[in-house]
Amino acid sequence: MKTAFTAIALLLVTLVSQAEDIPETPQHPVSIGDSWTFKRVSKGQITVQSRTIFKIAEQGADDQYIIKSLSGEVSGNGPTVWRQAGRVDTDTCMIDFFGGSTLGITHSCSTAFVPGMDWNTEAINKETRTTQRYQVIGPDEVTVGAGTFQALKIESHWEVAKAVNTGKASPKYGPPLRYHFVYWYAPETKTMVKAEREFRNPAGAVETRSTDELEAFRVQNPR
């Protein structure tokens, strides 16, 4: 028992020491009117460049914020209609817009990210099981169209498997698709200023790679 308490104490000292190395940028929740413009480059059999604007449009009846998006090709062609792109809680400080998630963190505003921190999530939607593993790598400076940021680098590994015995009480899943994502989160933007995504098929071959970079943003932060 004494050994266990010693190990926990050493771990806490290590985490506090690592946390001191990370720039202390306040995290503020998203607000109605906040908006972000991203450029995406997706490389598969062909290379496609697109630009997407996301905004916190309004508050829904369930008290969540409604996210809307406007997408189009970089050339300027594309739809000019805002479409609903998801919902987030009003106390959300970190959004991966293209992934449509908060990386499995419910209360991101009160989460202190330190190097080595990790967490797992699992979701079963009908006949598909998705497992996600996240790990905080540490602070990393990154430059994108919207500027240079002292960001927090986070890695994620996903496995997406479909049931092969549909309709059974205890489903069995086939070989999973494996994805590898790397995020650069800058608290002052409330989002990922950059994200690299790699999608592999069940055989392990890379089918698609995409890179998202923040080009511009307008957010409200309390003074």
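In this predicted model, Ser101 turns up in the loop that runs between strand 4 (83-88) and strand 5 (118-125). A polar atom of the Ser101 side chain sits 3.2 Å from the backbone nitrogen of Leu103. Leaving aside residues up to four places away in sequence, Ser101 touches Met94, Ile95 and Asp96.

Next come the charged pairs. Side chains of opposite charge can pair when their charged atoms come close. Searching the whole structure turns up 11 salt bridges.

Lys68 and Glu58 form a salt bridge in which the closest N and O atoms are 3.7 Å apart. Lys68 belongs to strand 3 (residues 65-73) and Glu58 to strand 2 (residues 47-59), so this pair ties together parts that are 10 residues apart in sequence. What about their surroundings? Lys68 has a relative accessible area of 24%, so this residue is partly exposed. Glu58, with 36% relative accessibility, counts as partly exposed too.

Back to Asp96, the residue touched by Ser101. Asp96 forms a salt bridge with Arg197, and here the closest N and O atoms are 2.6 Å apart. Arg197 lies in strand 9 (residues 191-200), while Asp96 lies in the loop between strand 4 and strand 5, so the pair ties together parts that are 101 residues apart in sequence. Are these two residues buried or exposed? Arg197 counts as buried because its relative accessibility is 5%, and buried means under 20%. Asp96 is buried as well, with a relative accessible area of 2%.

Lys194 has a relative accessibility of 17% and so counts as buried. Glu196, on the other hand, is partly exposed, with a relative accessible area of 32%.

Definitions and conventions
Residues are numbered from 1 along each chain as its sequence is written. This is a predicted model: local features need pLDDT of at least 70, side-chain atom pairs count only at pLDDT 80 or more; totals for chains, interfaces and linings use all residues. Side-chain values use heavy atoms; hydrogens and water are left out. Helices (H or I, at least four residues) and strands (E, at least two) are DSSP runs, numbered from the N terminus. A polar contact is a pair of N or O atoms within 3.5 Å; within protein, one must be able to donate a hydrogen and the other to accept it, and residues adjacent in sequence count only if both atoms are side-chain atoms. Contact means heavy atoms within 4.5 Å. A salt bridge is a side-chain nitrogen of Lys or Arg within 4 Å of a carboxyl oxygen of Asp or Glu. Buried means under 20% relative accessible area, exposed over 50%, partly exposed in between (1.4 Å probe, protein chains only).
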